[in-house]
Amino acid sequence: MATRDWSISQRQSKVAILVKISDFAKGLLRQFWVFIPLILFGRDGIRTELAFLLLFLFFGSFSLILSIIGYYRFYFSIENGEFRIRKGVLKKVDINLPIERIQSVNFQQGPIHQLFGVVGVEIDSAGAKGKEFEIAALDKASAEALKIALLEERSELLAEKSGDVESVALVQKEERQLLFQHSMWDLFKIGISQNHLRTAGILLAFVFGLYENIASMLFDDFFDGVEKVLGVELESIWMTILIVLPLFLIASFLVTLVRTVLSEFNLRFWMSPRGFTLQGGLINRKQTVALLKKIQTVRWSANPIQRTMGFFSLRLNQAASSEVAASKSTKIAGVYGHQLDSIMQHTYGALLDDEVISAKPDRRLIYRRFLFLGILPSLAAIFLAIFTQAYHYLVLPALLPLIYWIQLRWWQRFRYDVGRDLLQVYRGFITHKATILEIFKVQAVQISQTPYQRRKDLASVHIYSASGNVTLPYIELSEAQRVHDTIVYRAEVSDDSWM
Amino acid sequence: MTDIFSNDQIYPDGLPAAHELDYEGLDRRHLTQLRIGFVILALVMLIVLLISLATSGGLFKIKYFAGGLGIWLVLSILLLLCARLVYKRRSFAVRRHDISYKSGVLITRLITIPFHRIQHCDISRSLTDQYFDLSKLNIYTAGGSSSDITIPGLSMEAADKLKAYILSTSTDEEE
């Protein structure tokens with residue numbers, strides 16, 4: 001590859017114009033999608049359609065012009081150890097990023113990128129806000145060359161600073177090893193094992209949102225049609241539920257399946273000495289990097305379906321550079337048990353084998369949770385039933401034994417293991433969850449006591465990391481103070497950098 | 001064991017206890033500041049009460065009027081008594097490597113932040129702070145807003161001194 005002179009100002013690929021327009025359209029769509037059925041099925045006649053057409057033309061030409069000007073105003077270069085971007089149509093911006101502050105260079109490909117064989121480049125740094133350092137589109141060869149140029153210059157700069165040339169050279173030559181790649185069959189199984197109830201909730205919200213916005217005009221037709229087909233009248237609410245519920249469940253199942261397949265398609269996961277790399281996705285092809293040093297907490301969970309299939313969902317939460325916390329975690333919808341083991345082994349190594357002290361919350365947590373989640377709502381339900389004579393509210397008090405049992409099981413599952421270096425919290429009754437964090441990376445520790453806890457000499461400990469918090473509820477006050485003091489001590493004696 | 005670290009236990013013995021430190025209270029003027037804040041709150045509540053009575057026509061019914069006013073009075077007195085408690089419960093302690101802050105009346109809290117986990121700290125002064133010549137010291141970590149500390153009711157010199165101390169320790173750590 002011929003070396004390029006990056007100090008000369010460079011332009012993006014022309015595809016950037018298309019990408020910008022599509023971003024703009026996506027943004028509009030996200031804001032105004034509720035009106036689309038109105039436009040398509042509205043019965044207001046030709047005038048509204050004309051108005052929408054005009055609006056569409058206006059926004060379309062507006063974004064086209066902005067995107068084209070934006071393209072000609074966008075330059076990037078590497079100058080004096082800084083990555084520089086000049087851009088802006090209405091407000092001109094000239095921003096510099098010191099190269100040693102760059103954390104990672106990520107590529108992502110949306111449908112348009114894939115069509116033209118280009119990539120979007122995101123340059124991630126500690127302290128940068130959101131998408132400040134992003135190149136909308138760049139041809140693949142240049143993107144790779146830019147990545148290498150940036151990372152090489154960073155290594156040189158860092159080596160100059162620390163004098164540690166050897167380890168830097170090692171990093172450059174680091175070899176990554178493919179840990180796993182999901183087959184189509186795996187993907188299908190992962191899709192099946194996802195939390196369909198959550199999708200159902202989202203779908204329900206979506207349907208209600210739609211219903212609110214376009215009233216009953218679509219659904220009336222739909223139910224009329226169903227009535228005709230079935231030859232029954234949907235007068236009773238129960239009939240409606242009987243017919244709609246299965247349809248609804250099938251829909252949520254399909255939506256989760258499709259969503260999982262789209263986001264996890266051809267998912268590949270690599271291990272390298274410095275961390276993990278993940279690549280996959282069908283429509284939005286995304287590559288993310290999780291550096292071991294930056295991982296603050298690891299969370300995995302397994303719902304009952306996942307457990308029968310031997311799957312886990314996994315999140316590697318990294319220190320977030322700003323408010324875009326969600327995008328800084330590497331999420332995998334499904335990994336097999338042995339893959340999870342290798343990931344944990346690679347992240348924490350021998351620390352996992354250390355001795356630990358296991359403990360759990362006080363038993364009184366069951367009673368408190370039962371009081372707040374069972375008894376008080378039941379009392380309210382009884383009052384409602386008496387005053388409104390709507391006796392179906394009495395279902396709730398009848399469920400009290402079940403609620404108590406759930407709280408009991410929940411408490412039985414709750415356990416935390418304190419080691420010298422790791423804190424591991426296991427909880428969750430239906431979905432098993434675990435959070436693992438390295439104690440020295442903790443940012444702050446808090447003890448809190450409610451009046452009830454004060455009377456019983458109990459306390460809750462909240463442990464804050466740079467990405468994800470952990471709460472140990474209802475433990476003895478002396479134990480809470482011991483945990484508090486120990487964690488603070490471990491964070492203070494450690495010389496390692498937490499990110 | 002001949003480890004470099006002698007305290008090899010999971011919970012080392014004899015660690016300095018954060019809850020047993022000498023906690024320093026806030027400036028006396030902060031109590032007055034709190035009280036004035038609560039008086040304003042009580043007045044706002046009174047206005048809301050009067051408006052809702054007037055719009056519902058209860059203003060001229062002695063039963064509603066007296067009842068509403070009675071509840072307001074009790075709440076206001078409780079609030080004013082609370083001010084003292086709020087003030088008393090707020091205190092902080094600085095050690096060589098960390099800062100701890102206690103607060104809360106109903107739910108009591110004690111939070112500790114090691115100095116070399118502090119991202120930055122600044123001083124802010126609200127309108128009433130300016131009137132009373134007080135400052136707030138805000139300490140930010142990477143752990144999000146729930147793990148940040150705001151110490152209100154510091155005299156300006158105390159806030160400046162504390163901030164300078166924190167900044168000096170966190171730069172020491174880096175070298």
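Reply: Start with a turn in chain B of this predicted model. β2(B) and β3(B) form a hairpin, with three residues between the two strands.

Me: How do you know that β2(B) and β3(B) are paired strands?

Reply: Two strands pair if there are at least two bridges between them. Strand β2 (residues 91-94) and strand β3 (residues 98-103) of chain B are joined by four bridges and run antiparallel, so they count as paired. Within this pairing, Ala93(B) stands opposite Ser100(B).

Me: What makes β3(B) and β4(B) a pair?

Reply: Six bridges lie between β3(B) and β4(B), in the antiparallel sense; at least two are required, so the pair qualifies. Ile99(B) stands opposite Ile113(B) in β4(B). These strands also form a hairpin, with four residues between them. In that turn Gly104(B) has a positive phi of about 105°.

Me: How do you know that β18(A) pairs with a strand of chain B?

Reply: Again by the bridges. Five of them join β18(A) to strand β4 (residues 108-114) of chain B, and the two run antiparallel. Gln449(A) has Thr108(B) as its bridge partner in β4(B). On chain A, β18(A) also pairs with strand β19 (residues 458-464), over five bridges and in the antiparallel sense. There Val445(A) stands opposite Ile463(A).

Me: Why is the sheet of seven strands called open?

Reply: Its order is β20(A)-β19(A)-β18(A)-β4(B)-β3(B)-β2(B)-β1(B), with antiparallel pairing. β20 (469-476) of chain A and β1 (24-25) of chain B stand at the edges with a single partner strand each, so one side of each has no neighbour in the sheet.

Me: What makes the set with Leu314(A), Val461(A) and Ile487(A) a nonpolar core?

Reply: A core consists of buried nonpolar residues joined through C-beta atoms within 7 Å. The largest such set has 69 residues, and these three have the most contacts inside it. Helix α17 (residues 477-493) of chain A supplies the largest share, six residues. A second, separate core of 25 residues includes Ile17(A), Phe74(A), Ile102(A) and Leu150(A).

Terms used. Residues numbered from 1 in each chain as written. Chains lettered and ligands numbered in written order. Predicted model: local features only at pLDDT ≥ 70, side-chain atom pairs only at ≥ 80, totals over all residues. Buried ≥ 20, exposed ≤ 12 C-beta atoms within 10 Å, placed from the backbone.
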